[in-house]
Amino acid sequence: MTPPLPPSPVRAARRTAAVHDMLVCVAAPALAVSERDGQLRGQGVAGLYRDGRRLLARCLLTVAGAEPVAVQAVMTCADRARFMAVAGSPTGRGPDPALTVERLRTAGGVERITVTNAGSGPVRLPIGIALGTDLAPLAAVAAGAVGSVVSCTVSGAGLRWTDGERAVLTTARPVPDEVFAATGALVWRLELPAGGARTIELRTGPVPVTGAVARTAPPPAPPPALWSAAEVEADDPRAGALLRTSLDDLQSLLLRAPGHPADLHLAAGAPWRLAGAPTDALWAARMLLPFGTRLAAGTLRTLARAQDPRSGGIAGPARDAGPHLPPLSCATEAVPLFVSVLAEAWRWGLPAREVEALLPAAERCLAWLDRAMAIPGTEGLVADPVPGGPLRAEVQAYAHRAALHGADLLECFGRPDAEKWRQRAAELRTGFRRRFWTEEPGGGRPAVAWTAQGGVLDVPTSALAHLLDTGLGAGGSAAPGLLDAERTARLARLLAAPGLDSGWGLRTMAAGAPGFSPFGHRSGAVRVHETAVAVAGLASAGYEDAAAALLTGALDAAAAFGMRVPEIYAGEQRAPGRAPCPHPMACRPAALAAGGAVHLLAALAGVRPDVPGGSVALRPLAGTPAGAVRVSGMQVAGAPFAVRIGRMGTAIVEEAAPGLRLGA
């Protein structure tokens with residue numbers, strides 16, 4: 001009898017595990033997190049997960065009693081990875097490995113291990129796989145909590161684990177020659193002729209706690225492909241690669257709304273945030289509008305069902321705001337963003353019947369904003385909805401954009417109060433310019449926030465980029481913003497200065513400012529989605545050189561990360577011979593990062609539709625840093641839309657819905 005493989009207890013890392021160098025396969029709500037050698041050792045965060053629970057923590061492969069030598073690990077697409085290793089034949093001679101071992105692992109819990117004999121003669125090999133799990137929740141794994149081993153039993157051609165509340169089964173094909181429940185080991189004795197290969201398949205998934213079960217529950221059916229026709233062709237081939245990878249990542253993060261499977265929305269990111277987060281989902285849906293409105297519609301309907309019917313608030317996790325401000329409540333960002341996503345989806349071609357069905361939720365959002373602007377002491381501005389909450393610059397930008405978008409929706413659909421909300425927007429502009437603009441030698445700049453005690457925070461941050469994001473208006477025009485032309489020019493210079501522009505994208509806080517850290521989520525790291533907001537805003541305002549510089553830096557950073565852009569990365573200053581430094585705990589993929597990458601590329605074409613008005617305007621980025629560009633697979637008025645941009649910024653529409661006028 002072949003001796004059993006030695007046991008190895010499932011252990012979690014003593015500190016929060018880093019994931020920047022791991023391979024993360026995602027098919028929400030399932031994922032597989034792997035070290036680069038493909039081995040799952042029962043340590044750290046590595047493992048197979050579904051619905052926030054680790055199904056398998058250990059999957060340790062040996063060939064002839066030893067681990068094969070890992071030589072390559074690659075993501076073949078967002079939901080699967082390929083690991084290559086080599087091993088010497090028991091009868092082989094010389095330095096060349098006679099055996100190759102390929103492991104194909106999917107997020108859904110399927111692994112195929114193929115051993116190939118490249119030697120000159122037949123071999124007989126013992127193949128061992130040691131399995132184990134702790135059935136730990138992902139949140140505990142993320143916190144570095146120690147997991148305890150769950151005992152297993154033999155179940156058919158595999159092993160079964162249960163802690164009394166849940167159960168997991170791993171089945172194997174072909175049937176192992178030996179199974180050792182005490183150590184969780186499966187053993188095969190393979191006979192391979194010269195040039196021959198054998199494949200072992202493992203399937204891991206949840207099963208009922210009671211009753212005999214011969215197979216695992218399959219993962220949920222994958223959502224439909226939303227962006228299969230989208231394509232960017234450019235002189236710089238990295239642009240097309242970035243779009244393909246970003247859309248692949250976003251597809252892998254799609255979730256179906258419970259009870260409403262046709263409504264899709266995005267999980268925030270993997271591995272840590274593989275669940276819905278309202279602000280992330282809304283931002284990503286908005287940035288994906290050039291390639292269709294289905295994601296936006298599903299996101300809006302999902303959040304409308306979850307909205308507080310009395311207050312109009314949208315609940316969700318608060319967002320960290322750095323060392324100088326308290327976390328920002330979800331409602332303060334999501335409520336105005338709901339209105340803007342609905343209005344812009346309508347401009348891109350969301351059918352009127354779907355818009356009308358969502359108008360009551362949008363009106364509740366406007367009522368929430370109305371109450372927030374009426375709080376004494378705020379001078380008509382919007383403070384955090386807590387006693388003594390600060391006034392933030394980006395929140396005023398969200399509220400101002402929502403007021404104008406709300407007015408457009410109310411007027412066009414025959415609802416009351418359109419003029420009231422245009423007046424509210426005018427009051428916000430006046431109040432912002434009076435309260436937030438700080439003068440200094442050489443020109444002023446906007447403050448980031450005011451505290452309830454009257455203190456001003458004037459540390460430059462990426463949040464100021466939202467002041468340029470005025471939104472999509474009638475005729476494809478940019479709506480008026482909180483800043484006049486002179487103040488916009490000063491903000492453009494601030495965003496383009498080395499303090500905020502790292503050379504790899506926009507820092508969340510200026511280098512050298514009090515509290516700056518290049519790895520701080522909101523105190524110096526680079527966030528791609530805010531870089532994209534800055535690029536689009538600068539281009540719209542006419543500051544194309546600054547926009548092109550930020551876009552080029554972000555594209556270079558994306559290439560350094562293999563086009564799979566992480567949630568954040570370090571805001572170190574770019575220098576010759578350096579590459580952007582990963583953040584060890586960043587989600588990758590992440591909805592905001594992938595959506596931001598799409599938004600960056602969409603800025604090259606500058607498509608600004610007004611489907612209700614029957615027109616589309618083009619404002620491409622002059623002297624595009626990607627060279628000549630063709631963007632196809634976009635959707636305007638529910639029909640395919642394609643545009644070609646020349647190297648000097650001239651635009652030609654190649655495909656569009658019949659009757660759509662080309663605006664100025």
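In this predicted model, helix α7 passes helix α8 in a left-handed crossing. Helix α7 spans residues 393-412 and helix α8 spans residues 418-436, and the two pack at an angle of about 160 degrees with their axes 8 Å apart. Since angles over 145 degrees count as roughly antiparallel, the two helices are therefore roughly antiparallel to each other. On the side of α7, the contact is made by Ala393, Gln396, Ala399, His400, Ala403, Leu404, Ala407, Asp408, Leu410 and Glu411. On the side of α8, the residues taking part are Ala418, Glu419, Trp421, Arg422, Ala425, Leu428, Arg429, Phe432 and Phe436. The residues of this contact divide into twelve nonpolar, two polar and five charged.

The loop between α7 and α8 contains Asp417. The phi angle of Asp417 is near 80 degrees, a positive value in a residue other than glycine. Most residues other than glycine have a negative phi. Asp417 has a relative accessible area of 43% and is partly exposed.

Helix α7 also meets helix α6, which covers residues 352-373. The axes of α6 and α7 come within 11 Å and cross at roughly 140 degrees. That angle makes α6 oblique to α7, and the crossing of the two is left-handed. In this contact, Val355, Leu359, Glu363, Leu366 and Leu369 of α6 meet Ala399, Ala402, Gly406, Leu409 and Leu410 of α7. These residues divide into eight nonpolar, one polar and one charged. Ala399 and Leu410 of α7 are listed in the contact with α6 and also in the contact with α8.

Leu482 is found in the loop between β26 (456-457) and α9 (485-496). Apart from residues up to four places away in sequence, Leu482 touches Gln396, Ala397, His400, Leu428, Arg429, Phe432, Arg433 and Leu467. Among these, Gln396 and His400 of α7, together with Leu428, Arg429 and Phe432 of α8, also belong to the contact between those two helices. Leu482 is buried, with a relative accessible area of 2%. The C-alpha atoms of Leu482 and Leu266 are separated by 30 Å, and the two residues are 216 residues apart along the chain.

The view may now be widened to the protein as a whole. The protein contains twelve helices and 32 strands. Its radius of gyration is 27 Å, close to the 26 Å that the globule rule gives for 664 residues, so the protein is as compact as a globular protein of that length. The C-alpha atoms fill a box of roughly 85 × 55 × 50 Å along the principal axes. Of the 664 residues, 58% count as buried. Among contacts between residues at least 6 apart in sequence, 64% join residues at least 24 apart.

Val63 lies in strand β6 (residues 58-63) and is buried, with a relative accessible area of 4%. Val63 and Ala87 are 24 residues apart in sequence and 7.4 Å apart in space, C-alpha to C-alpha. Beyond residues up to four places away in sequence, Val63 touches Pro68, Ala87, Leu99, Val101, Leu125, Pro126 and Ile127.

Asp610 is placed in strand β27 (residues 607-610). Asp610 is likewise buried, with a relative accessible area of 5%. Leaving aside residues up to four places away in sequence, Asp610 touches Arg347, Ala474, Gly475, Gly476, Ser615 and Val616. The C-alpha atoms of Asp610 and Ala142, 468 residues apart along the chain, are separated by 45 Å.

Some details of the backbone remain. Most peptide bonds are trans. The bond from Arg173 to Pro174, however, is cis, with omega near -5 degrees, and Pro174 is found in the loop between β14 (167-173) and β15 (178-180). A cis peptide bond also joins Ala270 and Pro271, where omega is about 5 degrees. Pro271 is in the loop between β20 (260-269) and β21 (273-276). Finally, Leu135 has a phi near 50 degrees, a positive value in a residue other than glycine. Leu135 is in the loop between β11 (123-132) and α1 (138-142), and at 2% relative accessibility it counts as buried.

Conventions: Residues are numbered from 1 along each chain as its sequence is written. This is a predicted model: local features need pLDDT of at least 70, side-chain atom pairs count only at pLDDT 80 or more; totals for chains, interfaces and linings use all residues. Side-chain values use heavy atoms; hydrogens and water are left out. Axes are lines fitted to C-alpha atoms, for helices over the stretch in contact, and angles run from 0 to 180 degrees between N-to-C directions. Helices (H or I, at least four residues) and strands (E, at least two) are DSSP runs, numbered from the N terminus. Angles under 35 degrees count as roughly parallel, over 145 as roughly antiparallel, 65 to 115 as roughly perpendicular and the rest as oblique. A crossing is left-handed if the near helix is turned anticlockwise from the far one by less than a right angle, and right-handed if clockwise. Contact means heavy atoms within 4.5 Å. Ala, Val, Leu, Ile, Met, Phe, Trp, Tyr, Cys and Pro count as nonpolar, Asp, Glu, Lys and Arg as charged, and the others, Gly among them, as polar. The radius of gyration is taken over C-alpha atoms; the globule rule is 2.2 Å times the number of residues to the power 0.38. Buried means under 20% relative accessible area, exposed over 50%, partly exposed in between (1.4 Å probe, protein chains only).
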